[in-house]
Amino acid sequence: MSQNTPRLRRTLGLWSIVGLGVGYMTLTTVFDTFGIVSEETNGVVPTAYLVALVALLFTAISYGRMTRVFPSSGSAFTYTSETIHPNVGFLVGWTSLMDYLLLPLVNALIVRTYLTSLFPDVPEWIWVVLYVAMITLLNLWSMTSTSRINGLLVVFSTVLIVVFLVLAWNALQNGAGTGTPFTTQPFFHDGVDTSSVIAGATVVCFSFIGFDAITMYSEEAKDANTVPRAIVIALLIGGLVFFVAAWFSQATFPTVEGFENTDESLLPQMALKVGGQFFQILFTAASFAAAVASSLSSHASVSRMIYVMGRNGKGAVSRFFSFIHPKTHTPFNAILFVGAVSLLAIPLSLDFVASMINFGALIAFTFVNVTVVVYFVFIKKDRKGPAAILRNMVLPVIGMILTGVLWYFLSDEARLYGAIWLGAGFVVLLVITRLFRRPLSVRMEDEEIAEVTGEELGQATR
């Protein structure tokens, strides 16, 4: 590649990337889905989060290993293409693209709901257009600026979650719910069955989507060790926040009796019950901030995935999506495309979009575990000794099994829409390969993505 060709810049430090991953996960989601999961699991929401965390931890390890081998922004698409076959990689990338592409749209839908409730006389489409334009412009500006703003919003939402926990503690001490935070009832009690807990885990799995998207920043990380560490740290931080928040919420509200419309976000109602109207306003603002942080992170990551898929294709469309702006060093056209898709938040409903999200993510998680086995066991032939067998076979196979179980418990609607999207991807693959007569290729960027000044590196870690 020519030295004059615009490239992504290595400006992101460890905590910048961790912040993007945590922001992607939208920490306040635990309150948004509390009613749905509490009913699904018969009142053991923390257990559902713990099951999902354990299942995804094995996959996080696999992501960390593969991003060291292939430090590309293409994530599962690159790993599968390089170790199995480019055509399979395309289908995995296409399937996971559905989830990554829809997450910015989901956040736009959530924000539209918040703003419409506050300003019912303003047409909903205006909020969507203004919000999507803001997120798109911030991502076009620079990755460093996006990271900074995301960090501030994550801190704000985290502080308000801590305030909620303090208020819930006081409420429990005063006899609310179980009457004490020191109880095992939120974890397990009579009437709880394993299948319901796993079904609940498939719902809360949506909350964790974001740790894997960290791999999209591989070509903007300062060194090769940054992304693997950030993946595990972000997953553990998110899991801890989700588990603790779910524990206090479930202890304070053992059932969802007394709540209105549990199929929608219970966050405003929960905030009102534990802290009054003023705290309700603050906590809703925190949820809004979390949605913005998730929008920034998800918009940034999916645009980089589209950029890498475009970079590895041929023709005018591929050249369009692989364009890097010479001044901002961002995937300019890919960012604009994600913004255009996010405008679908105007006609679509949250239920429809959410039903399609987890399908592709779990497919990608499964294949990342598969690529660990294929690469290290069959390509590198690293399979001698107990340590190698544990590292290269046992751990990724456990990850495959656990994500497979979560996939099995997805709703029929999610599997149907996911299968339709996968079928569309197969048709696209037939077209771009001319019925498999023209092979796809995977092109990795050079080891050195772009030089940055010491000042820029310092700013990126602040």
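Predicted model: local features only at pLDDT ≥ 70, side-chain atom pairs only at ≥ 80, totals over all residues.
**Entry 1**

I then looked up where N42 sits, and it lies in the loop between α3 (34-41) and α4 (45-69). The backbone angle phi of N42 is near 60°, which I noted as a positive value in a residue other than glycine.

I turned next to K381, where phi is near 55°, again a positive value in a residue other than glycine.

The crossing of α15 and α16 is left-handed.

I listed the residues that meet in this pair: from α15 they include F359, L362, F365 and F376, and from α16 they include M393, P396, M400 and W407. When I sorted the residues of this contact by type, they divided into 15 nonpolar, six polar and one charged.

**Entry 1: α6 and α7**

I then looked up helix α6 (residues 86-118) and helix α7 (residues 124-141), whose axes come within 9 Å and cross at roughly 130°. That angle makes α6 oblique to α7, and I recorded the crossing as right-handed. On the α6 side the contact is made by N107, A108, V111, R112, L115 and T116, while α7 brings E124, W127, V128, Y131 and V132. The residues of this contact divide into seven nonpolar, two polar and two charged.

**Entry 2: what covers α13**

Which residues of helix α13 (residues 332-342) are buried? I found N333, A334, I335, V338, G339, V341 and S342. I also checked what covers these buried residues, and the cover includes α6 and α7, together with α11 (267-311) and α12 (316-321).

L160 is found in helix α8 (residues 143-173), and at 7% relative accessibility I counted L160 as buried. Leaving out residues up to four places away in sequence, I saw that L160 touches F279, L282, F283 and A286. For one of these, L282, I looked up the spacing as well: the C-alpha atoms of L160 and L282 are separated by 7.6 Å, although the two residues are 122 residues apart along the chain.

S196 is found in helix α9 (residues 194-208), and its relative accessibility of 18% means that S196 counts as buried, because the limit is under 20%. Apart from its neighbours within four places in sequence, S196 is in contact with E40 and T41.

**Entry 3: the whole protein**

The protein has 18 helices and zero strands, and of its 462 residues, 55% count as buried. Among the contacts with a separation of 6 or more, 83% are accounted for by residues 24 or more positions apart. The accessible surface comes to about 19,000 Å², and 66% of it belongs to carbon and sulfur atoms.

Note on methods. Residues numbered from 1 in each chain as written. Heavy atoms only, no water. Helix = DSSP H or I, 4+ residues; strand = E, 2+ residues; numbered from the N terminus. Buried < 20%, exposed > 50% of the residue type's maximum accessible area, 1.4 Å probe, protein only. Contact = heavy atoms within 4.5 Å. Areas by Shrake-Rupley, 256 points an atom, 1.4 Å probe, with all protein chains shown as cover. Axes fitted to C-alpha atoms, helices over the stretch in contact; angles between N-to-C directions. Parallel < 35°, antiparallel > 145°, perpendicular 65-115°, else oblique. Left-handed = near helix turned anticlockwise from the far one by under 90°. Nonpolar A, V, L, I, M, F, W, Y, C, P; charged D, E, K, R; others polar.
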